[in-house]
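Here is a friendly walk through some aromatic contacts. Please have a look at the structure first.

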Amino acid sequence: MLALNLYKRIAMVAMLAVFAIGCAEEKSAPPVVEPQVPGPYVAPGSSTGDYPDSSFEYGATTNFVIEGNNISDKALTLSRYAGDYRSNPRDVQINVNLVKRGDGFGGRIQIAYYDESSSSYQQGYKFHKGVFVNGDDAYFYNKSKTTSAKYNRWFTKDGKIVFHGFFQDLNGPIILVIDDVESTGDGQAPSKASGSIWFKNFSQGPYTAPHSPTHCWLISLGPYDCRAWKSGEGVDTTRAIYPDQGYEKLGTFSGLDIKKAFNTDLTDIL
């Protein structure tokens, strides 16, 4: 009888273990799939070369006009943005390559241009490119890509269809603002966008803390807090069309192909 009771207890324990495993498997959430940006991986930061690379074949590319009334003003604006001397920028372009991540859009923005070299041994124009990211496993891995993209949204403000997007490299953030869209009519989603880029470089000094693996718009304290439209510890991105908190306008663009830039049909969004 004792052996039989022991057998029953062992059988009961085994059944409970199997049941618990089954419940755990049933309750476990499926892995979150965060879409990747089409095209080759491009690390955040700045580079110098002779010509654009293949990354400009993905997303949408259009001409970009640096802010300023003349070439001297434009060179000064670009110099503040680049953190280095620029003299005579030309053929400036912006590439926007984003994907839907949760309620927002993440990906990469590239700003490229040629500038006349001031070096006596290297005359002519040199190609420069800045890459700004939202969601990057190598550099900003502390938050999910979905969390990083949560403020990058379309909305309506003052009768306009607007998009805001935060992106950054290791020198500072930029904000993409779309404030005008064009449609072919007949109830079609807007096909072209116009807007601006705003920048704000991090303050550099001998006591600057190391870079955080968290994107700067998700930080609410310290030298790497780069939020515009601040609200508590977060961002109220729909409060105004253009950014505050010391952001400077880099320039404007028009004719951006929305479907290519966002890699999706935005009919249900706009």
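Let's begin with Phe262, which is buried at a relative accessible area of 0% (buried means under 20% relative accessible area, with a 1.4 Å probe and protein chains only). This is a predicted model, in which local features need pLDDT of at least 70 and side-chain atom pairs count only at pLDDT 80 or more, while totals for chains, interfaces and linings use all residues. Residues are numbered from 1 along each chain as its sequence is written, and side-chain values use heavy atoms, leaving out hydrogens and water.

Phe163 is also buried, with a relative accessible area of 0%, and Phe105 counts as buried at 2%. The structure holds 14 aromatic pairs (ring centres of Phe, Tyr or the six-membered ring of Trp within 6.5 Å; planes under 30 degrees apart are stacked, over 60 edge-to-face, the rest tilted). Two of these pairs involve Phe163:

| Pair | Centre distance | Plane angle | Class |
|---|---|---|---|
| Phe105 and Phe163 | 6.3 Å | 75° | edge-to-face |
| Phe163 and Phe262 | 5.0 Å | 85° | edge-to-face |

The second pair links distant parts of the chain, 99 residues apart: Phe163 is in strand 7 and Phe262 in helix 4 (residues 258–262). Phe105 lies in strand 4 (residues 104–116) and Phe163 in strand 7 (residues 160–168), so their pair ties together parts 58 residues apart in sequence. Helices (H or I, at least four residues) and strands (E, at least two) are DSSP runs, numbered from the N terminus.

Together with Trp154, the residues Phe105, Phe163 and Phe262 form one aromatic cluster.

Notes. Buried means under 20% relative accessible area, exposed over 50%, partly exposed in between (1.4 Å probe, protein chains only).
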